Amino acid sequence: MKNETTEIDLLELLFFIKKKSKSIILSMAVALILAIIFLWVEKDKVDINYEVKINSDAPSMIINCDTDFDCKSNFIESIIKDNSDRFTIQPDERTKVINLIWRGTVSEKPVADAAIKAIYQKISAWYIQDYQAYKRIIDDNKNNEMNGTELYTKIAFITKLDYSKEKDFIFLSKGEVSKKYKAGICIMLSLMLGFVLSAFYHLTKRSIVEYNEKKIFKKSQIG
């Protein structure tokens, strides 16, 4: 019995929505027009995406992070944040990649590329400075109490390669430009929103009318 009542209520609801179809379609059309206007206004807005992949671990990374990618990416992120506040940083532990997103217009692509180039140079400089700092520790502690310790062994192993001659500490992809707002998704969402809001308005209005009618009926019964 309960299932039959539910089916009747659902059919009644569908018939009611069908009766209001003109109004609902009009609302969807308005929402679609607004979405098209929004997409036209925002047509030049894009995301410029870069990928940073760590090719070489700096001594600080190995000593402090071991195999922890988040810890390693924090070193790179701090350099990026110190040099530019325009990038959204999204580390991806699964792919071991740090994603950088520049949100702006198509015309800003050269500006974004210049900012990325400067960041790349800063990261390279940091790697070399980090290597040299640990190399000095080894050179300054050959004949004292640090010699023979686990820390000394780690640093000696790390600095056996000449980082100052290394060029590709990180891999940096070329900026990929993508639309900030996907036209298809925006249009679909606007149509859905127009339908939902219009249907909700009519259903709410009907509920209020029915409630007032029942209220008046009860008063008349009492009277």
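User: What does the accessible surface of the protein come to, and what share belongs to carbon and sulfur atoms?
Analyst: About 15,300 Å², and 60% of that belongs to carbon and sulfur atoms. Keep in mind that this is a predicted model.

User: What share of the residues is buried?
Analyst: Buried residues make up 29% of the 223 in the protein.

User: And the fold, what's in there? How many helices and strands?
Analyst: There are 7 helices and 5 strands. Starting at the N terminus, the order reads α-α-β-α-α-β-β-α-α-β-β-α. Of the contacts between residues at least 6 apart in sequence, 73% join residues at least 24 apart.

User: Where does tryptophan 40 sit, and is it buried or exposed?
Analyst: Tryptophan 40 belongs to helix H2, which spans residues 21–41. Its relative accessibility is 58%, so tryptophan 40 counts as exposed, the cut-off being over 50%.

User: OK, charges now. How many salt bridges does a search of the whole structure find?
Analyst: It finds 4. One of them pairs aspartate 47 with arginine 103, with 3.4 Å between the closest N and O atoms.

User: Which parts does that pair tie together?
Analyst: Aspartate 47 is in strand S1 (residues 45–54) and arginine 103 in strand S3, so the bridge ties together parts that are 56 residues apart in sequence. Aspartate 47 is buried at 11% relative accessible area, while arginine 103 is partly exposed at 36%.

User: What about aspartate 57, which side chain does it meet?
Analyst: Lysine 72, in a salt bridge of 3.0 Å, N to O. That pair links distant parts of the chain, 15 residues apart: aspartate 57 is in the loop between S1 and helix H3 (59–65), and lysine 72 is in helix H4. Lysine 72 counts as buried at 12% relative accessibility, and aspartate 57 as partly exposed at 23%.

User: And lysine 109, what does its side chain meet?
Analyst: Aspartate 113, again in a salt bridge, at 2.8 Å, N to O. Both are in helix H5 (residues 109–140), and being 4 residues apart, they are separated by about one helical turn. Aspartate 113 is partly exposed, with 31% relative accessibility.

User: Where does negative charge gather on the surface?
Analyst: In a patch formed by Asp66, Asp68, Asp70 and Glu93. Aspartate 70 is in helix H4, residues 69–83, and is partly exposed at 36% relative accessible area.

User: Last one: glycine 104. Where does it lie, and what does it touch?
Analyst: Glycine 104 is in strand S3, residues 97–105. Not counting residues up to four places away in sequence, glycine 104 touches Asp44, Lys45, Val46 and Arg86. Its relative accessible area is 11%, so glycine 104 is buried.

Technical notes: Residues numbered from 1 in each chain as written. Predicted model: local features only at pLDDT ≥ 70, side-chain atom pairs only at ≥ 80, totals over all residues. Heavy atoms only, no water. Patch = residues over 30% accessible without salt bridge, like charges linked within 9 Å, V, L, I, M, F, W, Y side chains within 5 Å. Areas by Shrake-Rupley, 256 points an atom, 1.4 Å probe, with all protein chains shown as cover. Lys, Arg positive; Asp, Glu negative; His and termini not counted. Charge placed at Lys NZ, Arg CZ, Asp CG, Glu CD. Helix = DSSP H or I, 4+ residues; strand = E, 2+ residues; numbered from the N terminus. Buried < 20%, exposed > 50% of the residue type's maximum accessible area, 1.4 Å probe, protein only. Contact = heavy atoms within 4.5 Å.
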